[in-house]
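Let's walk through this structure together, one region at a time. Please have the sequence and the 3D view ready.

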Amino acid sequence: MATTAPQRLAFIGLGNMGGPMALNLHKAGHRVTAFDLSPTACEHWSTQGLSMAASAVAAVNDADVVISMLPASRHVEALYLGSGSTLEDKGGLLQALTPGMLLIDCSTIAPASSRRVAEAAAQRGITMIDAPVSGGTAGAAAGTLTFMIGGAPETLERARPLLECMGANLFHAGAVGAGQVAKICNNMLLGIMMIGTSEALALGAANGLDPAVLSEIMRRSSGGNWALEKYNPWPGVMANVPASREYSGGFGTDLMLKDLGLALESALATGAPTTLGSVARNLYALHSGAGQGALDFSSIVQQVMKS
Ligand code: NAD
């Protein structure tokens, strides 16, 4: 884990990803003050050693850097720009930040949302990068995430020591919003690949093959992929993955649905062809509509077997 001069950090959003990420910053010696809207999350992470603030505004008091890890565009825009309905509604959290601060948003959101927040931040003398991640909850806990970063190179250099406490790979994708574009492309591929892997396993099982044996054959053959290596969707094949704990934790189906929606919005805006992305989005939407939105996205294997 990287070591660096201790900084005063505010960390907003302690979900499946944000909690372990904040804890890694704390363990690296930074002074982390955290906040989540969920009292359960606050209670859990305070027992792990994180200091909690009573609100996002209180968390940023005295901070040099603000890091956020929230579900979707609307949460990030409401937090920083204001939604008219919460504590931060009088112009959003940006009003409570002072010039010279650094803002790192690690949520996966629309590139246009990242740019909107960055522009509003810049008007207040605050620099921002979008730094969405890949690597799942295991990568968040191990501090081995991949960061896809959009923003000025010098802002990335300022953020680097902090990002290195949470991740093993840092990629500069381009200007603000470019990290989100990279993440959306990656997750569209991941969503499609998980369906393809599920379909192949279901076909093998229907023809009498043991899914564990088939998984190993494909993993070492030309069908080998990340799902087969690290995130097998078939229950009982792999230990310590959501499929082995009834699809709890992990990366929610509704979050995958959100990311495929972002991919399709970007495709519409640019005319890029995303035929399989559209099909994948429809399948995750069916799965979510059947009440499985909170389950890990690898539970799509259940929908595949129904289709
Ligand atoms: P999550 O739903 O587990 O956690 C989100 C947290 O944000 C919740 O605890 C919620 O209470 C909190 N929150 C929402 N609005 C808030 C606000 N205004 N102030 C404070 N807290 C607020 O989601 P997650 O799985 O941690 O994912 C977070 C982001 O990371 C998403 O954009 C997701 O797409 C992305 N992501 C997730 C994974 C994964 O494997 N889970 C992997 C890569 C990227």
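A polar contact is a pair of N or O atoms within 3.5 Å; within protein, one must be able to donate a hydrogen and the other to accept it, and residues adjacent in sequence count only if both atoms are side-chain atoms. What you see is a predicted model, where local features need pLDDT of at least 70, side-chain atom pairs count only at pLDDT 80 or more, and totals for chains, interfaces and linings use all residues. Residues are numbered from 1 along each chain as its sequence is written, and side-chain values use heavy atoms, with hydrogens and water left out.

Let's begin at the ligand. A backbone N or O atom of L70 lies 3.0 Å from one of the ligand's oxygen atoms. For T108, a backbone N or O atom is likewise 3.0 Å from an oxygen atom of the ligand, and a polar backbone atom of N16 is 2.9 Å from a ligand oxygen. Taken alone, the ligand exposes 840 Å², of which the protein buries 87% (areas by the Shrake-Rupley method with a 1.4 Å probe). Two or more residues of the shell come from each of α6 (136–142) and α11; helices here are DSSP runs of H or I with at least four residues, and strands are runs of E with at least two, numbered from the N terminus.

Around the ligand there are 24 residues, and N16, M17, D36, P71 and K258 come nearest (a residue is near if one of its heavy atoms lies within 4 Å).

Now look at T108 itself, in the loop between β5 (102–105) and α5. Why does T108 count as buried? Because its relative accessibility is 11%, and buried means under 20%, exposed over 50%, and partly exposed in between (1.4 Å probe, protein chains only). Leaving aside neighbours within four places in sequence, T108 is in contact with residues including P71, K258, D259 and L262, where contact means heavy atoms within 4.5 Å.

K258, D259 and L262 are also among the buried residues of α11. Helix α11 runs over residues 253–270, and its 18 residues reach 26 Å from first C-alpha to last, close to the 26 Å expected; the expected span is 1.5 Å times one less than the number of residues. Cover for its buried residues includes α4 (73–81), α8 (178–206) and α12 (275–292). After α11 comes G271, with a positive phi near 80 degrees.
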